[in-house]
Amino acid sequence: MEIDGIISALVIGVVIGILGRLVVPGRQRIGVLWTILVGIVAALIGSALASAFGVADTRGVDWVEWLIQIGVAAVGVAALDRAKSGR
C-alpha cells in the first residue's frame with residue numbers, strides 16, 4: 001500500500017467510524033478517538049472482505065464496499081461500547 005492509499009484509508013476510516021456510530025442505536029460511551037480508530041480498522045477489514053467477495057472494484061462508487069465497511073464499524077463500535085460499559 002502506497003502513502004496515498006494509507007492517507008485515503010485514514011480519511012475514509014474517520015468517515016466510516018462516524019457512520020458506524022450513527023448506525024448503532026442509543027448512546028455510546030466511547031470517545032471520538034476510539035470511534036476514529038474503530039473506523040480505520042473497519043475500513044481496512046471491510047476493504048479486505050469486499051476484495052474476498054469480489055465487489056471491491058466496481059465502476060463508479062463502490063457502494064457494496066462502503067456498506068460492508070459501515071457494517072463492520074457498527075459492530076466494532078457496539079462491541080467496544082459493550083466492553084467499556086462492562087467495567
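Colleague: Which residues does Gln69 touch, not counting residues up to four places away in sequence?

Modeller: Gln69 touches Ile12, Ile16, Ala42, Ala43, Gly46 and Ser47. A contact is a pair of residues with heavy atoms within 4.5 Å. Gln69 itself has its place in helix α3. Please keep in mind that this is a predicted model, where local features need pLDDT of at least 70, side-chain atom pairs count only at pLDDT 80 or more, and totals for chains, interfaces and linings use all residues. Residues are numbered from 1 along each chain as its sequence is written, and side-chain values use heavy atoms, with hydrogens and water left out.

Colleague: Why does Gln69 count as buried?

Modeller: Its relative accessibility is 3%. Buried means under 20% relative accessible area, exposed means over 50%, and partly exposed is in between (1.4 Å probe, protein chains only). The 3% of Gln69 is under the limit, so Gln69 is buried.

Colleague: Which other residues of α3 are buried?

Modeller: Besides Gln69, the buried residues of α3 are Glu65, Ile70, Ala73, Ala74, Val77, Leu80 and Asp81.

Colleague: How do you know that the span of α3 agrees with its 23 residues?

Modeller: The expected span of a helix is 1.5 Å times one less than its number of residues. For α3 that should give 33 Å, and its end C-alpha atoms are 33 Å apart, so the two agree.

Colleague: What about the 22 residues of α2: what should they span, and how far apart are the end C-alpha atoms?

Modeller: The rule gives 32 Å for α2, while its end C-alpha atoms are 31 Å apart, which agrees. Its buried residues include Thr35, Gly39, Ala42 and Gly46. After α2 comes Gly54, whose phi is positive, near 80°.

Colleague: What makes Arg29 and Asp81 a salt bridge?

Modeller: In general, side chains of opposite charge can pair when their charged atoms come close. The term asks for a side-chain nitrogen of Lys or Arg within 4 Å of a carboxyl oxygen of Asp or Glu. In Arg29 and Asp81 the closest N and O atoms are 3.9 Å apart, which is within 4 Å, so the pair qualifies. The two residues are 52 residues apart and link distant parts of the chain: Arg29 is in the loop between α1 and α2 (32-53), and Asp81 is in helix α3 (residues 63-85). A search of the whole structure finds 1 salt bridge.

Colleague: Are Arg29 and Asp81 buried or exposed?

Modeller: Arg29 has a relative accessible area of 48%, so Arg29 is partly exposed. Asp81, at 11%, is buried. Leaving aside neighbours within four places in sequence, Asp81 is in contact with Arg27, Gln28, Arg29 and Ile30.

Colleague: Now to helix α1. Why is Gly20 called buried?

Modeller: Gly20, found in helix α1, has a relative accessible area of 0%, so Gly20 is buried. Beyond its neighbours within four places in sequence, Gly20 is in contact with Ile70, Ala73, Ala74 and Val77. Gly20 and Ala74 are 54 residues apart in sequence, and their C-alpha atoms are 4.1 Å apart in space.

Colleague: And what is Gly17 in contact with, leaving aside neighbours within four places in sequence?

Modeller: Gly17 is in contact with Thr35, Gly39 and Val77. Gly17 lies in helix α1 too, and at 0% relative accessibility Gly17 counts as buried.

Colleague: Why does Val11 count as exposed?

Modeller: Val11 has 52% relative accessibility, and that is why Val11 counts as exposed. Its place is in helix α1 (residues 3-23).

Colleague: Which residues make the nonpolar surface patch?

Modeller: Ile3, Ile6, Ile7, Leu10 and Val11 make a nonpolar surface patch of about 460 Å². Patches need residues with over 30% relative accessible area and no salt bridge; like charges are joined within 9 Å, and nonpolar side chains (Val, Leu, Ile, Met, Phe, Trp, Tyr) within 5 Å. The areas come from the Shrake-Rupley method with a 1.4 Å probe, and for residues only the protein chains shown count as cover.

Colleague: How many helices and strands does the protein chain come to?

Modeller: There are 3 helices and 0 strands. Helices (H or I, at least four residues) and strands (E, at least two) are DSSP runs, numbered from the N terminus.

Colleague: What makes the chain as compact as a globular protein of that length?

Modeller: Its radius of gyration is 13 Å, close to the 12 Å that the globule rule gives for 87 residues, so the chain is as compact as a globular protein of that length. The radius is taken over C-alpha atoms, and the rule is 2.2 Å times the number of residues to the power 0.38. Of the 87 residues, 30% count as buried.
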